[in-house]
Amino acid sequence: MGLDANGSRFLLHARSTGVKFDSTLMIGRQDLHIRKSDLLSLMHEYPGCCVDGADGIIGKSNCSYADDFLRCLGAVTVDSLDHSSFEGAAICHDLNEPISDQYHGRYDVVLDGGSLEHVFDIRQAFRNCMQLVRAGGHYLGITPANNFMGHGFYQFSPEFYFRLFSEPNGFEMQTMILFEHRRNSAWYEVRSPTEVRSRVSLKNFERTYLLVIARRVADKPILLSPPQQSDYEAAWHGVGDKAPIRHLGDEAGFVAGTIEQLKRFGCRLTRRTYFEPLYFRRIR
């Protein structure tokens with residue numbers, strides 16, 4: 001678990017959109033996998049997003065954990081939650097089990113930098129994390145999407161997060177970003193399946209992450225009933241023109257999702273990913 005250049009940029013991006021880090025909880029204590037000089041350069045790309053003296057904080061830090069970086073983003077309280085205290089977690093708890101009411105609504109930011117895919121009871125794990133966020137606060141997620149089989153128990157689709165962080169659970173999805181794990185990777189904003197009336201699909205060669213910014217807008221009970229996949233729900237309830245109009249990624253399969261061109265009948269394959277504009281809008 002840890003923040004590399006993309007993860008660090010994501011937190012700066014979140015701060016630039018108005019996310020307040022005053023009281024922050026990390027799910028698993030996050031390492032920093034970025035050099036000090038590179039982190040300082042990133043911070044300078046986002047003027048006004050760091051507290052006064054942030055350069056000095058990072059300059060004196062050993063940068064082994066992300067605590068000081070989070071303080072640069074305005075965090076006064078930085079805690080971490082883990083199954084054990086082996087990395088100095090402030091809260092020791094197994095996320096497969098319900099968390100105590102004393103922690104509900106305590107944090108402005110709950111940050112999962114790549115932990116929840118390792119928890120078997122994924123419904124309980126997310127319910128716990130969502131309960132930890134106070135009304136007006138944010139859940140931030142850096143989570144594996146494609147090509148992470150074997151990394152943990154799960155890898156996630158956009159549909160999962162759009163349906164989870166939704167009005168019935170007292171949340172709204174503010175931003176979802178997708179990127180392939182490589183240096184200077186492009187970032188793509190991901191559209192909701194209900195908005196495009198289609199399954200949002202991608203087939204590619206590269207390890208791929210989703211970045212999630214979701215805001216808790218109301219103090220509601222969380223996951224009283226399980227979310228349903230949007231296209232099936234539309235079909236079951238007969239919502240007419242709101243029903244999905246295509247499963248483009250499924251129908252086009254590996255060719256449309258992974259290979260930019262088959263060069264007609266020459267069949268020269270490339271490793272360049274095709275990002276369907278209906279689903280993905282490049283933002284950097």
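Mentor: Here is a walk through the chain, its helix packing and a few loop residues.

Mentor: This is a predicted model, where local features need pLDDT of at least 70, side-chain atom pairs count only at pLDDT 80 or more, and totals for chains, interfaces and linings use all residues. Residues are numbered from 1 along each chain as its sequence is written, and side-chain values use heavy atoms, with hydrogens and water left out.

Trainee: Fine. How many helices and strands are in the protein chain?

Mentor: The protein chain has 9 helices and 11 strands. Both are DSSP runs numbered from the N terminus: helices are H or I with at least four residues, strands are E with at least two.

Trainee: And what share of the residues counts as buried?

Mentor: 49% of the 284 residues. Buried means under 20% relative accessible area, exposed over 50%, partly exposed in between, with a 1.4 Å probe and protein chains only.

Trainee: What about contacts between residues at least 6 apart in sequence?

Mentor: Of those, 77% join residues at least 24 apart. Contact means heavy atoms within 4.5 Å.

Trainee: Let's do helix packing. At what angle do α1 and α2 pack?

Mentor: About 30 degrees, with the axes 10 Å apart. α1 covers residues 5-16 and α2 residues 36-45. Axes are lines fitted to C-alpha atoms, for helices over the stretch in contact, and angles run from 0 to 180 degrees between N-to-C directions.

Trainee: What do you call that arrangement of α1 and α2?

Mentor: The two helices, α1 and α2, are therefore roughly parallel to each other. The cut-offs: under 35 degrees is roughly parallel, over 145 roughly antiparallel, 65 to 115 roughly perpendicular, and the rest oblique.

Trainee: Is the crossing of α1 and α2 left-handed or right-handed?

Mentor: Right-handed. That applies if the near helix is turned clockwise from the far one by less than a right angle, and left-handed if anticlockwise.

Trainee: Which residues make the contact?

Mentor: From α1, Ala5, Ser8, Arg9 and Leu12. From α2, Leu39, Leu42, Met43 and Glu45. By class, that contact of α1 with α2 has 5 nonpolar, 1 polar and 2 charged residues. Ala, Val, Leu, Ile, Met, Phe, Trp, Tyr, Cys and Pro count as nonpolar, Asp, Glu, Lys and Arg as charged, and the others, Gly among them, as polar.

Trainee: Stay with α2. Which residues are buried there?

Mentor: Leu39, Leu42 and Met43. Down the axis of α2, the buried residues fall within an arc of 100 degrees, so they line one face of the helix. The arc is that of the directions from the helix axis to the C-beta atoms.

Trainee: Why would spacing like that put residues on one side?

Mentor: An α-helix has 3.6 residues a turn, so residues three or four places apart point the same way.

Trainee: What do the buried residues of α2 pack against?

Mentor: α1, β3 (31-32), α3 and α4.

Trainee: Jump to α8. Which residues are buried?

Mentor: In α8, residues 230-237, Ser230, Asp231 and Ala234 are buried. Their arc is within 100 degrees seen down the axis of α8, so they line one face of the helix. On the other side of α8, Ala235 and Trp236 are exposed. The cover over the buried residues includes α6 (158-164) and α7 (193-196).

Trainee: What follows α8?

Mentor: Gly238, with a positive phi near 55 degrees.

Trainee: Which residues other than glycine have a positive phi?

Mentor: Asn147, near 65 degrees, is one of them. Leu223, about 60 degrees, is another. Most residues other than glycine have a negative phi.

Trainee: Where do Asn147 and Leu223 sit?

Mentor: Asn147 is in the loop between β7 (133-144) and α6. Asn147 is partly exposed, at 35% relative accessibility. Leu223 is in the loop between β10 (208-216) and α8. Leu223 is buried, at 4%.

Trainee: Last one, Tyr65. What does Tyr65 touch?

Mentor: Arg29, Gln30, Asp31, Leu32 and Glu87, not counting residues up to four places away in sequence. Tyr65 lies in the loop between α3 (54-60) and α4 (67-72). Tyr65 is partly exposed, with a relative accessible area of 22%. Tyr65 and Glu87 are 22 residues apart in sequence and 9.6 Å apart in space, C-alpha to C-alpha.
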